[in-house]
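The following paragraphs walk through one protein model, beginning with a single side chain and ending with the chain as a whole. Please look at the structure first.

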Amino acid sequence: MNIQSVLGNQEANRIAQAVEPQRTSSAEAQQQFKNFLKDAIQDVNASQMQSDQLTNQLVAGEPVALHEVMVAAQKASITLNATMEVRNKVVEAYQEIIRMQV
């Protein structure tokens, strides 16, 4: 039985490449980080949109398997919750840095 990651192979490879130590300038690092965040948010949005689409199809009586709708809804929920937790940790880290005395 083959079990797939929630993220998928492309996203897992992208994350692995992002954490590998590389020599880049500050501007390049900022651009890479910006692109990584943008892609991650787009992935969360796509997951939410797919869940909404499947739910609407089910409500409209179109032939959609209930388990597919439930899996899509759970995946969307998990990705959104994970994104919110990461955001909360980033905000906490920023607030901690602001409180530091120099």
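In this predicted model, a polar atom of the threonine 79 side chain lies 3.0 Å from the backbone oxygen of alanine 76. Such a polar contact is a pair of N or O atoms within 3.5 Å; within protein, one must be able to donate a hydrogen and the other to accept it, and residues adjacent in sequence count only if both atoms are side-chain atoms. Residues are numbered from 1 along each chain as its sequence is written, and side-chain values use heavy atoms, without hydrogens and water. Because the model is predicted, local features need pLDDT of at least 70 and side-chain atom pairs count only at pLDDT 80 or more, while totals for chains, interfaces and linings use all residues.

Threonine 79 sits in helix H3, residues 66-99. Helices are DSSP runs of H or I with at least four residues, strands are runs of E with at least two, and both are numbered from the N terminus. With a relative accessible area of 16%, threonine 79 is buried; buried means under 20%, exposed over 50% and partly exposed in between, using a 1.4 Å probe and protein chains only. Leaving aside residues up to four places away in sequence, threonine 79 touches Val44 and Ser47, where contact means heavy atoms within 4.5 Å.

Helix H3 also holds arginine 99 and glutamate 96, which are three residues apart and so separated by about one helical turn. They form a salt bridge with the closest N and O atoms 3.1 Å apart; the term requires a side-chain nitrogen of Lys or Arg within 4 Å of a carboxyl oxygen of Asp or Glu. Arginine 99 is exposed at 56%, and glutamate 96 is partly exposed at 43%.

Overall, the chain has three helices and zero strands. Of its 102 residues, 10% are buried.
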